[in-house]
Every structure is written in structure tokens, then in C-alpha cells.
Amino acid sequence: MSGKKESGQELIVSRQILSIPQRFSTGPVMGRFLRELRDNQRIMANKCPQCGRHQLPPREVCAVCHVEATEWEELGPEGTVQDFDIVYYSSPDPLTGETRETPYVLCWAELDRTQGDAPLWHLLDAPDLSQVRRGLRVRVVFAEERNGTMADIKHFEIIK
Amino acid sequence: MNNKNRDVAIIGCGMSKFSSHREEVNQPEMVHEAVVEALQDARLGMDDVDCVLHGNMELFEMVHQPDMWHVLGSGAWGKPGIRLTTGGTTGATLACAADNLVASGLHDVVLAIGFEKLQEGHATGGITNMADPLWGRSLQTGALTGTTAQKLIEQFGEERAKYAAMKMRTIMDENAMRNNKAHRRLGLDRKHMKETGAGSPPLVGELRLIHMCSQSDGACAVIFTSEEKVAQFGSNPAWVVDHETVHREETLIFSTGKSTHRVAAERLFARNGITDPVHEIDVFEMYDPSSWWGVDWLGEFMLCNKDEHLRMVEQDSIAIDGEFPVNPSGGVQASNPIGATALVRVAEAAMQIRGTAGDHQVARPVRRALASGFGGTLWTVLMLLSKEKP
């Protein structure tokens, strides 16, 4: 290609901002989970009739056994931290473009009565970062205003 | 692979210069740099190419059908082609597809092109938008996580784990200093590893800026052909022995059970009679987006027990003149144009076999080389290459 820059040539960069309003269908299974969050402040998982493991997020079939997961059970709202991330880098929220205050904590907590490997992933409200560790007991706190999204869970709080 | 119709070899590799800002060229011009270099390396012209594969992650630059825009640079005008996009593994998937297309007999000469111009989009936003929009999108922080650092610290103690992560980072930089295509060539000094690690801004947990890969602009092109054409062209071949792809259901959690890396390695090695990978493979180009992952994944891919992988890092086995060189190119920690990155691993592995890696050619003779790709929500692709025809 003869794409050689001429001496002193300004190389123009075209700047564009994309904004895309999106609507995602949730379906009857994930939709039921979100409705339970919004209306009843309950964490409902579905369960595989074959292997007995819970699925969070709930989905139509067991990912391991490939059979329909038709039973529903309430888990938590208390649980135990399995893994956590203390986030210092202010990654913009792709839903809103807003940047979170840092540092903040994300954790994977196994809710009480969970069968199998299905921790719930959410923010952890931890004013003292040195308290955050695996095995920490936590409880789900629901948002006051709920719209049927994962933001209906405000965060986990540490059980004193 | 046991049931190939015919053998397939890599006979040409090309790369653009990798950099954080390639503002002096547009996308087709950048792709063109890699394509021209690959054709020259193979001593072929565009008329010899039967099929062009093109891949990247559309959600980074938000350009859909970039293969249409790139056609002047890619040379694909009027040729059969396929566009592929499988996340970070895109480049490795391109290599697998090229191998399959030639092995099947559908095409004789396939040009695979991977590219990314991360400067033209938002990489962390793009990766975040790969998360399930109903479940994880509001929580995902791109590809950043500190859980592997925490796991290694718990397994091996804070001092030893942090040393291993910085040692690996420094070896990668030493290699990048030998590779004039590499994006980040920092000149890290082994004497100051501890302070360099401690003084680097934390991203997530103990994952710090110094450990993490770059966001790069760049393109890679690799030419695959059949055993008949290798003889006809008189090419310098790196033969494709086999490849393996392992992925898992997105929300099946990753904290327990075997990693896709280990499963892929076990399958590939079993199928090819490899029982002692560290001694039976001569060089490994690993897709390691951070040095914490690099240390941990070395153990997964090489099926290590206990602290074998830490010792390989501590004792310089993975250095360019070591007994098991890892990423003589400087790897992903030095350059990460995502849609090209996994194809660069395959290209670099092929270059080591073909003896064309220049200043970063490893010291030991290379008969077998392994390349890995990583991406999506914990996907793995492995490709095994050899100097001898399989």
C-alpha cells in the first residue's frame, strides 16, 4: 500500500461515541428468579432432579446432566465467602458508563442450603478491607427499590 | 489428530509491529503489514492463496464485518473465506480452522488473519459485555481478577508466590527486549523485582499493573498448506500435529474442579503419546494475560504436581536459554492485540521450529512446540507443532 505519511501531514483521528439502548428477554426460568427477587426478596435456585445440585443463576437444564431442572428451592439469605476480589481499578459499569468508587469488594458466597458448586457473585459491603477473608459469614441485603434485575440485591453484608 | 486426510504445515508467518497506538495506520493498512510479511516469508503471492480466514473481537472496536473493510489489506477480494470470533481464543480458533480446511482437502493454501486495534475501542468494556447480561454484566471487571494471586499466595506463601509472579514478568520482559515487534519492552531489572512489584499500582487484590498484559494494536497472518504443496513450493514447514479445544458452560463456576487448560493438555498429550511434556516439548508459547496466571497455568498445562511449576520459574528453566523456554517472544504480557494474540502464539511456535525467530530464537534445538489460546469465559485451545512430518 502507498500509505506513506507525507512530511508534516496531520494524521486525523475520527472520534465517535456509541450509545446502544438494549432490552434482553429473561425467559420463564431466569424471569422467575428475578421476579422472586423483586416481589418477595427471596433467592430462588432451581435444582437438578438427577444429581441434586442447585443452579444459580437458574437455567432450563442441568449443565452437567442435561436434564430439565424443574424443582425450585430458596437458598440463603445467609452464606459463606468462598472467594473474593478487592478491586482497586475503576472499571466503568458497562450498563451505565459510571465509574464505581474504589476500592470495592466482589465476592462469591455459597448461600446456606446450596447443594453443589453454585456460589452467588455480588458486591460485599466491607468498610474494613482487612476483615475480608474466605470463610467470612455474610447476608444478602436487598435494595429498597427493586426492578427485577441483579441490582435488586444491593450487596452482601458481613454478619457481626 | 488420528483421522486427517493429509498433513498440514505452516509455511509463512507475518506480524505487524505491536504498539499501544498505531494511529499512523488504519485497520486495513495494519492488517496489510502482517499479510505482506507472511506472503514474503512463504515466498508466495496472493494468487497462490485459496481461502482467507479473518478474525477478531467485534465488540472491542464495534465494527461489524471488519473483513469487508479490510479487504484491500487482506487480499481477500473474490476469495472464499470465513470470519471467526471466539473471544481471546479467536487467533487459535483461526489456526484450528485453517488446519481443518487444508486437512479436509477443501483448500490447499489458507491464509489466517487475526487482528485487533484496541486503541480504537474499549477493551475492558468489551470484555465486560461478554458476561451474561442478566447475571454478571453489572459485576464483571473486564478480565481483571486477583483470585489466582490469592490462590498462589495461599498455596506457596506470600513471599515465594510474589517472587514467582515478578520473576515470570521479568523473564517475559527480557524476552520482549529481544523481539522488535513486541509492544512493551520495559527493561526490567532482576535486581529490583521486589520493589518493582510492590511499587506497582494494585488493580484487583495482588494483581498489579506490572503483572497484567497490555492493550495493543496489531495483526498477525499465518499461511497453512498441504503436504503436497509443501513439496511443490519447497517450503520450510512447521507441521501441525494436532489441536484441542475445551470450553465449558458460561455460568458453571470455575472455582472448583479441573481447569479447561488441564483437561485440554491431558487430552492432547494422551492422543499424541506425550507422557512427560516438559521433556518432550521444546518450547511453549502460552497465552498468559498476567504473570500470576502465567505461573499458575504453566502448572496446569504441564500437568505439574505440587510446586514443580514454581521451581521452573525460580530456577530459570522457562528462560530463553533454559531447558523449557516459555514465550521467547515475550508473550502476552508484552503484547496483546487480542484477536491476533492467540494466532501470534501459533506463529511464534512455528517460527521456533522453522528457525526464523531471529534474536528471540531459543538456544536449544526445537523439534516440538506447543501454543495455547485462552479466552471467552475460560476457554482453552492448544496446538501442537513439529519439525518432522507427523
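What distance separates the centres of domain 1 of chain B and domain 2 of chain B, taken over C-alpha atoms? In this predicted model, the two centres lie 23 Å apart. Domain 1 of chain B comprises residues 8-124 + 216-238, and domain 2 comprises residues 137-213 + 241-386.

The two domains of chain B meet through 38 residues of domain 1 and 32 residues of domain 2. On the side of domain 1 that touches domain 2, the elements giving two or more residues are β1 (8-15), α5 (90-104), β4 (109-117), α6 and β7 (217-226) of chain B. The largest share of this side comes from α5(B), with 8 residues. By residue class, the domain 1 side divides into 18 nonpolar, 16 polar and 4 charged residues.

Chain B also forms a contact with chain A, to which chain B gives 33 residues and chain A gives 32 residues. On the side of chain B that touches chain A, two or more residues are given by each of α1 (27-42), α6 (123-128) and β5 (202-204) of chain B. This side is made up of 12 nonpolar, 16 polar and 5 charged residues.

The interior of the model was examined next. In soluble globular proteins, nonpolar side chains tend to be buried together. The largest nonpolar core contains 144 residues, of which Ala112(B), Ile113(B), Val222(B), Leu343(B), Met383(B) and Leu385(B) touch the most other members. Helix α16 of chain B, residues 338-354, gives the most to this core, with 11 residues. Both domains of chain B take part, since at least three residues of the core are drawn from each of domain 1 and domain 2. For Leu385(B), residues up to four places away in sequence being left out, the residues touched are Ala238(B), Trp239(B), Val240(B), Val241(B), Ala349(B), Ala350(B), Ile353(B) and Ala369(B).

A further covered element is helix α13 of chain B, which spans residues 291-301 and has 11 of its 11 residues buried. Just after α13(B), Leu303(B) adopts a positive phi of about 50°.

Technical notes. Residues numbered from 1 in each chain as written. Chains lettered and ligands numbered in written order. Predicted model: local features only at pLDDT ≥ 70, side-chain atom pairs only at ≥ 80, totals over all residues. Contact = placed C-beta atoms within 7 Å. Helix = DSSP H or I, 4+ residues; strand = E, 2+ residues; numbered from the N terminus. Nonpolar A, V, L, I, M, F, W, Y, C, P; charged D, E, K, R; others polar. Domains from an automatic or database assignment. Core = buried A, V, L, I, M, F, W, Y, C linked by C-beta atoms within 7 Å. Buried ≥ 20, exposed ≤ 12 C-beta atoms within 10 Å, placed from the backbone.
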